[in-house]
Amino acid sequence: MKGLFFFLVPMFGLFAQHKIEHQSQVWYGYYLTYPINNQWFVQGEVHTRHFVDPLVHHQNAFRAHVHRTFGENWDVSAGAAIFLNTPNDPLTSTRLAIPEYRPHVDIVYRHRLSAFRLDHRFRSEMRFNRGTDFSRTQLTDAVNLNSYRFRYRIQALFPLVKTIQGKVNTEILLNAGQENPANVLDQHRMFAGFSIPIRDNLTVDVGYLHAFQQRPNLNYYDRSILSLMLFHQIN
């Protein structure tokens, strides 16, 4: 903890030199898992996100990926997503949804530590954006590589009451190959919540997500997010 404190102090000093904008959002998601056999399964995701004040839509996202498990601990997957991104400023009058395409690969390692299950996820993704005209009111046919992004998330699940589990995680997202080389830190996320089974194949996760995001101009978004996720597995 002392080492973490001394590591974060210069980071907070760096953040203090830039503008930090606070925002509140709600994120909804639905995950559908279909097992092919004991080693292979596919998963699809649908997400929508909106600001709270004012109540303005922000993003829609659709993702699909194929997984291959190795024993009880390892999971390797590949897939792609399309995000429909409107501006990060909820007050702007131009709300064009710009498609972003994200192919990705994942490696997940799971293990137990006493009553806790720890998940380590490593993700690498490429981010391609559709082009727009100068006023950002119309899409063009151009598709541009925006950046590579590398993500590491560590997550802990642990029993709370009866079948309800606690869930906490933290994730660091780093940029590479972006237009502004100084914009290395994309985001830091921290989540705490509950995983509540509704049926044998249906679980809802409810919690609070804090996202600290660096913008290309090196200012920051500080976001408080209510997260509601539904996980459905076809048996």
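Residues are numbered from 1 along each chain as its sequence is written, and side-chain values use heavy atoms, with hydrogens and water left out. Because the model is predicted, local features need pLDDT of at least 70 and side-chain atom pairs count only at pLDDT 80 or more, while totals for chains, interfaces and linings use all residues.

**Exercise 1. Strand order**

Task: state how many strands close into the barrel, and in what order.

Solution. Step 1: strands are DSSP runs of E with at least two residues, helices are runs of H or I with at least four residues, and both are numbered from the N terminus. Two strands pair if DSSP finds at least two bridges between them.
Step 1: the barrel is closed by 11 strands, in the order β1-β2-β3-β4-β5-β6-β7-β8-β9-β10-β11, with mixed pairing. From one strand to the next, the twist averages 20°; axes are lines fitted to C-alpha atoms, for helices over the stretch in contact, and angles run from 0 to 180 degrees between N-to-C directions.

**Exercise 2. Individual pairings**

Task: find the sense and the number of bridges for β1 with β2, β3 with β4 and β4 with β5.

Solution. Step 1: β1 pairs with β2 (residues 40–51) in the antiparallel sense over 11 bridges. Within this pairing, Leu32 is opposite Gly44 of β2.
Step 1: β3 (residues 57–70) and β4 (residues 74–85) run antiparallel and are joined by 12 bridges. Thr69 has Asp75 in β4 as its bridge partner. The hairpin of β3 and β4 has three residues between the strands, and there Gly71 takes a positive phi near 70°.
Step 2: β4 and β5 also run antiparallel, joined by 12 bridges. Leu84 has Pro99 in β5 as its bridge partner.

**Exercise 3. Salt bridges**

Task: count the salt bridges, then describe the pairs Glu100 with Arg127, Asp106 with Arg123 and Arg117 with Asp119.

Solution. Step 1: a salt bridge is a side-chain nitrogen of Lys or Arg within 4 Å of a carboxyl oxygen of Asp or Glu. The structure has 14 of them.
Step 1: Glu100 and Arg127 meet at 2.6 Å, N to O. Glu100 lies in β5 (residues 98–113) and Arg127 in β6 (residues 116–132), 27 residues apart. Buried means under 20% relative accessible area, exposed over 50%, and partly exposed in between (1.4 Å probe, protein chains only). Glu100, at 2%, therefore counts as buried, and so does Arg127 at 11%.
Step 2: Asp106 and Arg123 meet at 2.7 Å, N to O. Asp106 is in β5 and Arg123 in β6, so this pair ties together parts 17 residues apart in sequence. Asp106 is buried at 5%, and Arg123 is buried at 6%.
Step 3: in the bridge of Arg117 with Asp119, the closest N and O atoms are 2.7 Å apart. Arg117 is partly exposed at 30%, whereas Asp119 is buried at 5%.
Step 4: a network of salt bridges links Glu100, Arg102, Arg121, Glu125, Arg127, Arg149, Arg151, Glu171 and Asp186.

**Exercise 4. Nonpolar core**

Task: list the residues of the largest nonpolar core and the contacts of Trp27.

Solution. Step 1: a nonpolar core is a set of buried Ala, Val, Leu, Ile, Met, Phe, Trp, Tyr and Cys residues joined through side-chain atoms within 4.5 Å. The largest has seven residues: Trp27, Tyr31, Phe191, Leu209, Ala211, Ile225 and Met229. Two or more residues come from each of β1 (20–35), β10 (202–214) and β11 (220–233).
Step 1: contact means heavy atoms within 4.5 Å. Leaving aside neighbours within four places in sequence, the contacts of Trp27 include Thr48, Arg49, Arg189, Leu209, Ile225 and Met229.
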